[in-house]
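Open the model in your viewer and keep the sequence panel beside it. The tour goes from ring pairs to a sheet and then to salt bridges.

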Amino acid sequence: MSRHTWRVFRRRIDELRQRPILDYGICRSTGGGEFRFTGGFESVTDSHTLWVRSGALTIPVSLAGAWTWLLPMQEGFPEAFDPAEETPERIRWNRISALNEGAKVFVGGELALRDNRWTFVSTRENPLLVIFYDGPDHSLTARAIRAGRHRNEYWNTLTPYALALGALCEIFIAVNFLYRPAFRLTVITSLTAILIPLFPFVPPGVLFTLAYRRLWRRGRVFRAYRDLVRLPFRYLPGGEGRCRLPGGEWYGSCRLETLSDGMRERIPLLIPEREQKKNDGWYVYGALDGPEEGGEVPHEPLDPFATFGAVPGSPAVLARRYNFTAYALETVSWILLLAGIGLNVFFVRMIFVLFLAAL
């Protein structure tokens with residue numbers, strides 16, 4: 001998956017958090033629109049229709065054109081954040097039948113009337129998002145946001161085909177100029193280029209590759225931190241003020257100098273506490289009892305997709321810092337990777353020149 005695809009995936013999840021939760025009452029009175037719905041997997045038919053049940057309500061979901069994902073299970077939220085966490089897997093409709101009945105399903109998208117029944121369908125502008133997951137509902141948003149990103153840009157689905165095509169082209173060039181002494185350097189360069197994809201994994205350049213992988217993974221962690229501290233911005237632009245959630249609850253934040261032991265037990269951390277670089281206090285986000293300004297500490301919202309947690313510092317400041325750190329680490333990691341390849345190219349080319357000179 002490309003970086004753009006994962007960016008669209010995360011943005012779509014973030015947008016759907018503001019859509020109403022579909023229930024039996026809304027289903028009887030709605031005229032359509034975008035909704036979100038969570039329930040248990042019931043069945044899937046040959047007509048590419050998924051049936052999801054929640055309580056007394058069963059909703060059909062048309063899988064035609066839908067984005068269907070399987071979210072890997074991750075124990076703990078969010079303290080168990082693992083930078084090597086597996087990314088969500090894109091699955092086809094014929095694999096869905098192999099899932100256990102009752103598996104949790106999140107559906108977000110357009111609700112339309114099909115055959116006199118309200119059905120989730122995909123549109124050209126907004127494809128339907130279907131996520132199979134495990135664990136508590138309130139952890140789904142953070143898990144999907146932090147895991148929904150590319151693992152590595154050096155190797156992707158097109159890499160094997162590109163390497164094979166490039167090797168054939170280089171062999172073709174080397175064969176054509178092999179018996180022309182004037183083009184000896186061309187032959188050496190072509191044969192060396194065939195081995196370039198392997199250069200990051202052989203000494204001495206492999207040391208640069210190891211450093212590249214370590215820095216790149218750290219950059220991935222900081223990109224995840226950036227997106228996690230931005231989660232409240234979907235409801236509160238800039239991270240301040242109060243607003244109503246789709247279900248009618250009041251949502252807002254408060255700033256605390258410290259978190260007591262009792263608060264730490266009931267308020268999760270959106271990012272690890274070690275990321276607090278200075279004593280900038282704690283910003284707690286969650287549901288409030290009313291619109292009045294005061295010292296009320298937010299509590300867990302009834303809406304499981306509304307962000308509830310504490311941030312060790314100003315989210316806006318942290319987001320900018322994490323964004324800069326992530327791009328800096330990525331830039332340095334790619335420089336190291338290219339430096340390792342260049343070093344190995346130099347040694348291989350020198351060996352080829354000495355070998356040909358000895359003939």
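How many aromatic pairs does the count come to? In this predicted model, the count comes to 13 aromatic pairs, taking rings whose centres lie within 6.5 Å.

**Aromatic rings**

Select Trp 6 and Trp 69. Their rings form a tilted pair, 5.2 Å from centre to centre and with 45 degrees between the planes. Trp 6 belongs to helix H1 (residues 3–16) and Trp 69 to strand E4 (residues 67–70), so this pair ties together parts 63 residues apart in sequence. Both Trp 6 and Trp 69 are buried.

Phe 9 lies in helix H1 and Trp 69 in strand E4, so parts 60 residues apart in sequence are tied together here. Phe 9 is buried, with a relative accessible area of 1%, and Trp 69 counts as buried at 0%. Now show Trp 67 as well: ring pairs link Trp 6, Phe 9, Trp 67 and Trp 69 into a cluster.

Go next to Trp 216 and Arg 223. The charged end of Arg 223 sits over the ring of Trp 216, 5.1 Å from the ring centre.

**A four-stranded sheet**

Switch to a cartoon view and find the open sheet with strand order E9-E10-E11-E12, where the pairing is antiparallel. Which strands are the edge strands? They are E9 (242–244) and E12 (309–311), each of which pairs on one side only. On average, neighbouring strands of this sheet are turned by 25 degrees against each other, direction ignored.

Zoom in on E9 and E10 (residues 250–256), which pair in the antiparallel sense over three bridges. Here Arg 244 stands opposite Trp 250 in E10.

**Salt bridges**

Return to side chains; the structure holds 15 salt bridges.

- Select Asp 14 and Arg 17: their side chains meet in a salt bridge at 2.8 Å, N to O. Asp 14 and Arg 17 are buried.
- Select Glu 89 and Arg 95: this salt bridge has an N to O distance of 2.6 Å. Glu 89 is partly exposed at 34% relative accessibility, and Arg 95 is partly exposed at 43%.
- Select Arg 226 and Asp 227: their side chains meet in a salt bridge at 3.1 Å, N to O. Asp 227 and Arg 226 are buried.

Arg 10, Arg 149, Arg 226 and Asp 227 are linked in a network of salt bridges.

Technical notes. Residues are numbered from 1 along each chain as its sequence is written. This is a predicted model: local features need pLDDT of at least 70, side-chain atom pairs count only at pLDDT 80 or more; totals for chains, interfaces and linings use all residues. Side-chain values use heavy atoms; hydrogens and water are left out. Rings of Phe, Tyr and Trp (its six-membered ring) pair if their centres lie within 6.5 Å; planes under 30 degrees apart count as stacked, over 60 as edge-to-face and the rest as tilted. Helices (H or I, at least four residues) and strands (E, at least two) are DSSP runs, numbered from the N terminus. Buried means under 20% relative accessible area, exposed over 50%, partly exposed in between (1.4 Å probe, protein chains only). A charge sits over a ring if NZ of Lys or CZ of Arg is within 6 Å of the ring centre and within 35 degrees of the ring normal. Two strands pair if DSSP finds at least two bridges between them. Axes are lines fitted to C-alpha atoms, for helices over the stretch in contact, and angles run from 0 to 180 degrees between N-to-C directions. A salt bridge is a side-chain nitrogen of Lys or Arg within 4 Å of a carboxyl oxygen of Asp or Glu.
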